[in-house]
Amino acid sequence: MKDNKIQTEKRHQRRVRYKGTHPRTFAEKYKEHNPEKYKETIEKVIRKGSTPAGMHISIMVDEILDFLQIKPGQKGLDATLGYGGHTVKMLEQLRGEGHIYGLDIDPIEIKKTEKRLAEKGYGNDIFTAVNINFKDIDKVAEKYGPFDFVLADLGVSSMQIDDPRRGFTYKHEGPLDLRLNPKQGISASERIQNITQDELEGMFIENSDEPYAYEIAKMIMKERRKKKIETTLELKNIVEKAVLQSKDVKNMSNRDKDETVKKSCARVFQALRIDVNNEFEVLYEFLEKLPSVLAPQGKAVILTFHSGEDRLVKKSFKSLKNAGVYQEIARDVIRPKREECHRNPRAKSTKMRWAVKNLKF
């Protein structure tokens with residue numbers, strides 16, 4: 001009787017209710033959160049150039065696989081596991097022989113991805129997830145390395161950006177957090193509360209080349225004196241107010257004003273995310289340790305999404321090539337194809353660089 005009751009409850013579980021004919025919020029998009037069951041819905045969302053809620057569309061998969069030329073029996077490392085899209089494609093190349101290790105600092109998403117991959121048939125015999133910051137690849141290599149190939153996709157996963165509870169987006173109300181690991185460090189709200197105007201302005205310039213850095217930093221200080229800035233929309237409204245009061249913006253058309261505000265909001269949130277997660281420091285440490293975790297003639301691929309990251313990768317690869325550590329590096333940055341950018345607008349800013357470790361090192 002008890003088992004029958006449980007089955008009846010499952011059978012009659014009601015879907016998420018929402019106003020209107022289509023779900024609008026992240027939580028309401030129950031079909032998009034269940035891609036295996038609602039494949040037609042997922043395909044429809046992707047065809048429209050959008051990313052389904054709770055998913056992440058992997059970028060430049062073909063280009064990565066073409067370069068890595070993964071062979072059965074090899075050992076690889078996905079330094080930024082995320083949704084696991086790249087990892088699945090690399091696992092397919094192993095054909096059941098070898099192993100891939102996936103790292104992710106996010107304790108929430110790594111469990112979901114590990115379960116998702118296990119359901120696809122990639123268990124502990126061929127895949128291992130490790131909840132660790134990718135700057136600590138040396139610790140991972142001590143136990144599991146060296147690796148024949150390493151991939152690092154430096155973009156924030158769509159699952160994090162789209163979920164208002166994580167505080168990564170200015171488009172929806174949520175806590176102003178922006179931490180990849182919400183259990184470590186301080187939130188963006190706390191960071192804003194305890195920083196000088198000059199430091200804040202410098203952060204916006206250095207981390208995202210924000211043209212209205214002074215105006216925005218000044219407005220944040222002004223609003224901070226009234227109350228603590230705790231939500232994403234509070235910060236978004238402050239940025240909008242600061243930008244619209246700028247002299248050159250006042251003379252713009254309404255359409256140009258809206259576009260300028262959107263870009264500034266995106267840059268401010270990016271700058272704060274980089275800061276609270278120490279992303280440049282983490283990347284620098286990762287690049288320094290990368291050669292030591294690669295096997296001789298091991299291959300490394302890095303995807304970057306803004307100029308600051310790309311400059312660090314380019315400089316590191318070039319320096320280590322000159323030192324003889326890498327026998328070959330990508331001469332020019334590789335960009336995603338036009339078709340991919342149309343299908344997935346988040347791919348537009350992607351830059352790919354690669355390196356091959358020297359046989360002698």
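This briefing describes selected helices, contacts, a nonpolar core and salt bridges in one structure.

The model is predicted, so local features need pLDDT of at least 70 and side-chain atom pairs count only at pLDDT 80 or more, while totals for chains, interfaces and linings use all residues. Residues are numbered from 1 along each chain as its sequence is written, and side-chain values use heavy atoms, with hydrogens and water left out. Helices (H or I, at least four residues) and strands (E, at least two) are DSSP runs, numbered from the N terminus. Buried means under 20% relative accessible area, exposed means over 50%, and partly exposed lies in between (1.4 Å probe, protein chains only). Contact, or touching, means heavy atoms within 4.5 Å.

**Nonpolar core**

- A nonpolar core is a set of buried Ala, Val, Leu, Ile, Met, Phe, Trp, Tyr and Cys residues joined through side-chain atoms within 4.5 Å.
- The largest such core has 34 residues, and Phe204, Ile216, Ile220 and Leu235 touch the most other members.
- Two or more residues each come from helix H8 (188-193), helix H9 (197-208), helix H10 (213-226), helix H11 (232-244) and helix H13 (254-276).
- H13 gives the largest share of this core, seven residues.
- Isoleucine 216 is in contact with Phe204, Glu210, Val239, Ala242, Val243, Ser264 and Val268, leaving aside neighbours within four places in sequence.

**Helix H14**

- Helix H14 covers residues 279-293, and its 15 residues should span 21 Å at 1.5 Å a residue; the end C-alpha atoms are 20 Å apart, which agrees.
- The expected span used here is 1.5 Å times one less than the number of residues in the helix.
- H14 bends by about 30° at leucine 287, and proline 291 follows within four residues.
- The bend at a residue is the angle between axes fitted to the seven residues ending there and the seven starting there.

- Side chains of opposite charge can pair when their charged atoms come close.
- Glutamate 223 counts as buried because its relative accessibility is 15%.
- Lysine 226 forms a salt bridge with glutamate 223, with the closest N and O atoms 3.5 Å apart.
- Both residues of that pair, lysine 226 and glutamate 223, lie in helix H10, three residues apart, about one turn of the helix.
- An α-helix has 3.6 residues a turn, so residues three or four places apart point the same way.
- Lysine 226 counts as exposed, at 57% relative accessibility.
- Lysine 241 also forms a salt bridge with glutamate 223, and here the closest N and O atoms are 3.4 Å apart.
- Lysine 241 is in helix H11 and glutamate 223 in helix H10, so this pair ties together parts that are 18 residues apart in sequence.
- Lysine 241 counts as partly exposed, at 36% relative accessibility.

**Aspartate 310 and lysine 351**

- A salt bridge joins the side chains of lysine 351 and aspartate 310 (3.9 Å, N to O).
- This pair links distant parts of the chain, 41 residues apart: lysine 351 is in strand E7 (residues 351-357) and aspartate 310 in helix H15.
- Helix H15 covers residues 307-322.
- Aspartate 310 is buried at 7% relative accessibility, whereas lysine 351 is partly exposed at 22%.
- Aspartate 310 touches Thr304, Val333, Lys351 and Arg353, not counting residues up to four places away in sequence.

- Glutamate 63 lies in helix H3 (residues 61-68) and is buried, with a relative accessible area of 14%.
- The side chains of glutamate 63 and lysine 337 are joined by a polar contact of 3.1 Å.
- Arginine 179 is in the loop between helix H7 (158-162) and H8, and counts as buried at 13% relative accessibility.
- A polar contact of 2.8 Å joins the side chains of arginine 179 and aspartate 177.

Definitions and conventions
Polar contact = N/O pair within 3.5 Å; in protein donor to acceptor, adjacent residues only side chain to side chain. Salt bridge = Lys/Arg side-chain N within 4 Å of Asp/Glu carboxyl O.
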